[in-house]
Amino acid sequence: ARGGSRVANPQIDPKADLLRNEGIRLTPGQRMGGAAQRQEDISTSMPYVGYTVQKGRERGYQDFNRAAYNRALGPIGKQLPEDMPVGHQAAAYTRNAISEEYDRVLDPMVANFGEPAVVSEINTITRMAQDLGKKEYDRYTTILKNDVLQHVEDSGRASGATLKKIESALSERARQFEKGSGYELDLANAITELRASIMRMAERQNPDLAPDLVKVNTAYANSLRPRQAAARTGSDEGVFTPAQLDSVVRQLDSSKNKRAYSEGDALMQDLSGAGKSVLPSKYPDSGTAGRMKSNELHSNIVGAAAWPFMGAPQTELGSALMNKLLTPNRPGGAAPLARGIDAAAPYGIPPAFTGLQGLLGM
C-alpha cells in the first residue's frame, strides 16, 4: 500500500534522481528508498524473485561504471559505444580516446620549460616527492630526467611533438603505478601532478589553443577516477563498486586536508557519493528475520505468487515501466490520492493477510 501511494505521488531521493539522470537504471526499491528498498532487500532471498532483483541491481552497477567513463569522455564529446561492456575494455577505450585527443591538440603547440612558473612548480613537486621514501623518490627523479628533461632543448623549448612524447610517457608511468598500493599509488599521484603542471604550462603559453587543451585535461582528470577504481583489488574484471570509486575520489583530492572531499565538492564526488548511498544493498538485521528459506514449500509458493508483483518490475521492461511511473512530476490531485491510499491501507491489508495465512497454513 505504501508502494502504491508512492507511485501515485513519488517522493524521489535527490541522489537517486541524480543517478537516473546519468542513465543509471535503478530498481524500484532503490528509486523510492525507505521501506520500499528495505522490502526489496529482503526479497533477494525469496525464490524466483531474488534472482530477478539481483539481476536488476547488477544492471545498475554496470550502468554506474558506464556513467563514470562517460563523465570522463564527455568534455571531448565522446562516450562509450553502447555495445561495449564495462570493465577493462571500457578503461582501455577511455584511455585511448583521450590519448588520441591529446595527440591532436598538442601537435601545433610550442612550450618553454624555462618559464619561471614552470621551474618553480616542478621544483615544488620534486621536493614533495622526497616524502615518498628513498626508493620511490629515486624512481620519480629518474622519470623526471628520462621522460621529461632529456627531451627538452637546452633553451627550454619543446615542440608539439615533444609535448606529446612527454605527455604519453608520464601517462603510461602513472598508469603502471596506479595498479600498486601504498607508496606506489603516491608515486603515481606525484607523476600525475608533474604531468598536470606541464599541461597547465602548455595552456598558458598557447592561449589560442588553450580551450581544446582545457577540455582534454578535464577529460583526463575525470578518467583517473574510474580507471584507478577499476585497478583496485576486489574489482571484478575491472568493474568497480561505488565505494571503490568514492575511495579514489577522496584519495585524488589534492586540496589541503581533503577540504573539497569533506565539503562534498571533490571531482566526481556527486556521482560516487550518490552511488554509494543508493546502489549498495543494506539489510539491517542478521538475516534471520524477514528472510525466507528457499527449501520450504510455502516459501516457493509465496515466491512464485509474489514474482508478478516483486520480480516483474525488476526485469528490463518492467524496470523501464516502473521508472516512468516513478517520475516525480504529477498533477495536483496526486498528493490527495496518495494520502487516500495510505488511509485505506489499515482496513484492506489485515483481511487480505489473514486469507493468505489460511491458504499457507501459517
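At 68% relative accessibility, Asn257 counts as exposed, where exposed means over 50% relative accessible area, buried under 20% and partly exposed in between (1.4 Å probe, protein chains only). You'll find Asn257 in the loop between H12 and helix H13 (259-262). Helices here are DSSP runs (H or I, at least four residues), numbered from the N terminus. Asn257 has a positive phi of about 55°, although it is not a glycine.

Lys258 lies in that loop between H12 and H13 too. Its phi is near 55°, again a positive value in a residue other than glycine. Most residues other than glycine have a negative phi. Lys258 counts as partly exposed, at 23% relative accessibility.

## About the model

This is a predicted model, so to speak of local features takes a pLDDT of at least 70, and side-chain atom pairs count only at pLDDT 80 or more, while totals for chains, interfaces and linings use all residues. Residues are numbered from 1 along each chain as its sequence is written, and side-chain values use heavy atoms, with hydrogens and water left out.

## Val249 in H12

Now to helix H12 (residues 242-251), which holds Val249. With 0% relative accessibility, Val249 counts as buried. Setting aside neighbours within four places in sequence, Val249 is in contact (heavy atoms within 4.5 Å) with Arg225, Tyr261, Ala266, Leu267, Met268, Gln269 and Ser272.

## H2 against H14

Helix H2 (residues 14-21) and helix H14 (residues 269-278) have axes that come within 9 Å and cross at roughly 115°. Those axes are lines fitted to C-alpha atoms over the stretch in contact, with angles running from 0 to 180 degrees between N-to-C directions. On the H2 side, Lys15, Ala16, Leu18 and Leu19 meet Asp270, Leu271, Ala274, Gly275, Ser277 and Val278 in H14. Sorted by class, that contact has six nonpolar, two polar and two charged residues. Nonpolar covers Ala, Val, Leu, Ile, Met, Phe, Trp, Tyr, Cys and Pro, charged covers Asp, Glu, Lys and Arg, and the others, Gly among them, are polar.

## The two faces of H2

Which residues of H2 are buried? They are Ala16, Asp17 and Leu19. These cover an arc of only 160° around the axis, which puts them on the same side of H2; the arc is that of the directions from the helix axis to the C-beta atoms. The face turned away from that buried side carries the exposed residues Pro14 and Asn21. Just after H2, Gly23 takes a positive phi of about 85°.
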